[in-house]
Amino acid sequence: MRNLWYESTMHRQIRDKRSDRKRRIGKDIDRYGKDVLASDELKQAFEQTHHTWSTVGEHTLRVAASSVMISYALRKLNIKVNIPAVIIGALCHDLGILGRDTKFENNKECSREHPGESVKVARELIPDLTEHSADIIERHMWPAGQSKAPNSLEGVIVSAADKYSAVKDIVKGSDVKHTGVKNVAHDQAEWLREQSRTQTEKVREFSRELQEKVRDQINK
Ligand SMILES: [Fe+2]
Ligand SMILES: [Fe+2]
């Protein structure tokens, strides 16, 4: 029979599974993206605002995490995915946008030219960058910015994760720590999360007390 304890056990299992997946994603990104993660370019990326509410750095890490998550799901469907290429592509895809105000005349030019610039940065960071990874980066803007369509499954994954993350940044806002931009949406979401944590703890406490009372009654 379903009761509060059963629900809470189930939710704990889901939480454990999610945090295990998060750990695996982090490990893969650290392993295959170490050159990019240690670069000055990525540090600089956390200083530049992106999609109004985010930074290039935060967006980059979110695109990488979503791309790896999609890759895991596809692998479960027995679809082969080159995860190192996905990670390199995702981590480098927007590095060419750094310094956009001085580098590009306007947004249109930025949207059209930054993938090519990102490939240049990627080649500097990873001397043996494969053409496969370069293509992922070069074509990530599709269907925007007059970009060619991705020519590999990994390219489709990064392009889709990029759009997902961009829409999420713009609509929902994100945890902006480095730009000093006040993120009202994020503050509200954090407040709601805190409220829900408190309520969950209260329900757990109530459930524990109830079980103890029932146990006492049975033992009497
Ligand atoms: Fe981009
Ligand atoms: Fe992007």
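**Exercise 1.** In this predicted model, determine how the reach of helix H7 (residues 107-125) from its first C-alpha to its last relates to the expected value, and find where in H7 a kink lies.

*Solution.* Begin with the span: H7 has 19 residues and reaches 26 Å from first to last C-alpha, which is close to the 27 Å expected at 1.5 Å a residue. Next, follow the helix to glutamate 113, where a kink of about 45° lies, shortly before proline 115.

**Exercise 2.** Identify the buried residues of H7 and the helices against which they pack.

*Solution.* The buried residues are His114, Pro115, Glu117, Ser118, Val119, Val121, Ala122 and Leu125. Turning to their partners, these buried residues pack against helices H2 (34-37), H3 (40-45), H5 (83-92) and H8 (131-138).

**Exercise 3.** Is glycine 89 buried or exposed, and which residues does glycine 89 touch, not counting those up to four places away in sequence?

*Solution.* First place glycine 89, which lies in helix H5. Because 20 or more C-beta neighbours within 10 Å make a residue buried, glycine 89, with 35 inside that distance, counts as buried. With residues up to four places away in sequence left out, glycine 89 touches Ser133, Ile136, Ile137, Glu154 and Val158.

**Exercise 4.** Describe the backbone at asparagine 78 and at the peptide bond joining tryptophan 142 and proline 143.

*Solution.* Asparagine 78, in the loop between helix H4 (56-76) and H5, has a positive phi of about 65° although it is not a glycine; asparagine 78 is also exposed, with 6 other C-beta atoms within 10 Å. The bond between tryptophan 142 and proline 143 is cis, with omega about 5°, and proline 143 is found in the loop between H8 and helix H9 (153-172).

Technical notes. Residues are numbered from 1 along each chain as its sequence is written. Chains are lettered from A and ligands numbered from 1 in the order in which they are written. This is a predicted model: local features need pLDDT of at least 70, side-chain atom pairs count only at pLDDT 80 or more; totals for chains, interfaces and linings use all residues. Helices (H or I, at least four residues) and strands (E, at least two) are DSSP runs, numbered from the N terminus. The expected span of a helix is 1.5 Å times one less than its number of residues. The bend at a residue is the angle between axes fitted to the seven residues ending there and the seven starting there. A residue is buried if 20 or more other C-beta atoms lie within 10 Å of its own, exposed if 12 or fewer, and partly exposed in between; C-beta atoms are placed from the backbone. Two residues are in contact if their C-beta atoms, placed from the backbone, lie within 7 Å.
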